[in-house]
Amino acid sequence: MKKVIAAGAIFLLASGSQLSYAETQKVELEEVQQPQQASHRDWAISGYIGMTDFDGDEKPDPYQPERRSHEMESDAALTAGVILSKYYKDFSFNLGIEYIQEVTVEDEDGNELSEHSHIPISLGVNYHFYTNIVDPYIGAGIGYSFNDSSDSEFIANQGMSAEVDDSMFYFLTAGVEYPVNDKYALFLAGQYIIGDADMKGTIERPEGTFVIEDEANMDRYEVNVGVKYFF
């Protein structure tokens, strides 16, 4: 009888040990299979480069009234920026600064009208979706752009001048991050920026000098690639 009891005790002990080991292995496997979570993230800093393309703009042509509009197109421009991010659960709050290189504006006849460059500063929030492979996100925000513009020789020769003021803007963003390890991630992001800037200038005519007050369209699309460091 004692042998039976002893054998039963040994069997129960062995079964309990095996069950405990199996549970431990299951927990470890679940931890490996679980998608990366934002709970361990605190701060991050990102650097990126990209391209931006401004929407076209149509304005009345002061020298050719028979035309209903005067179409202006900006070249695509290179961008570079830095973003500081603070994480809270599945959200990140982002402060960014960017430089958009100087680009040329041309009319439909190929005449150079002006050049403009921008330094936008933005504040936004992203919501992150964590998966086993990549981490998509969507977001929105607001910003302020320091705009610099200069007239071309073609415009100056016609007695015209114009200057674009600094301006507010809004943006929508979507992207995907690929976590290389706990410290680094690569990302690809797209943005659509919405905004207008006040434009002031003058036109010299035989009757005298006329003041121009208008708005310049600053809507644009942007695609960026970069690297993010978590700390």
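In this predicted model, His128 is a buried residue, with a relative accessible area of 1%. His128 sits in strand E6, which covers residues 112-128. Its surroundings come from several parts of the sequence: setting aside neighbours within four places in sequence, His128 is in contact with Tyr87, Asp90, Phe91, Ser92, Pro136, Tyr137 and Glu177.

The protein is built with two helices and 13 strands. Of its 231 residues, 33% count as buried. The protein exposes about 14,100 Å², and carbon and sulfur atoms supply 61% of that area. Among contacts between residues at least 6 apart in sequence, 66% join residues at least 24 apart.

Charged side chains come next. Side chains of opposite charge can pair when their charged atoms come close. A search of the whole structure finds six salt bridges. One of them joins the side chains of Arg41 and Asp135, at 3.8 Å from N to O. Arg41 lies in the loop between helix H1 (2-33) and strand E1 (43-54), whereas Asp135 lies in strand E7, so this pair ties together parts that are 94 residues apart in sequence. Both Arg41 and Asp135 are buried.

Arg41 also forms a salt bridge with Glu177, where the closest N and O atoms are 3.9 Å apart. Because Arg41 belongs to the loop between H1 and E1 and Glu177 to strand E9 (residues 167-179), the pair ties together parts that are 136 residues apart in sequence. Glu177, a contact of His128, is buried, as is Arg41. A network of salt bridges links Arg41, Asp135, Glu177 and Lys228.

A further salt bridge is formed by Glu98 and Arg220, with 3.7 Å between the closest N and O atoms. Glu98 is in strand E5 (residues 91-107) and Arg220 in strand E13 (residues 220-230), so parts that are 122 residues apart in sequence are tied together by the pair. Glu98 counts as buried because its relative accessibility is 7%, under the 20% cut-off. Arg220, at 5% relative accessibility, is buried too.

Glu102, Asp148, Asp151 and Glu163 form a negative surface patch. Asp148 is found in strand E7, which spans residues 135-151. With 46% relative accessibility, Asp148 counts as partly exposed.

Note on methods:
Residues are numbered from 1 along each chain as its sequence is written. This is a predicted model: local features need pLDDT of at least 70, side-chain atom pairs count only at pLDDT 80 or more; totals for chains, interfaces and linings use all residues. Side-chain values use heavy atoms; hydrogens and water are left out. Patches are made of residues with over 30% relative accessible area and no salt bridge: like charges are joined within 9 Å, nonpolar side chains (Val, Leu, Ile, Met, Phe, Trp, Tyr) within 5 Å. Accessible areas come from the Shrake-Rupley method with a 1.4 Å probe; for residues, only the protein chains shown count as cover. A salt bridge is a side-chain nitrogen of Lys or Arg within 4 Å of a carboxyl oxygen of Asp or Glu. Lys and Arg count as positive and Asp and Glu as negative; His and the chain ends are not counted. The place of a charge is taken as NZ of Lys, CZ of Arg, CG of Asp or CD of Glu. Helices (H or I, at least four residues) and strands (E, at least two) are DSSP runs, numbered from the N terminus. Buried means under 20% relative accessible area, exposed over 50%, partly exposed in between (1.4 Å probe, protein chains only). Contact means heavy atoms within 4.5 Å.
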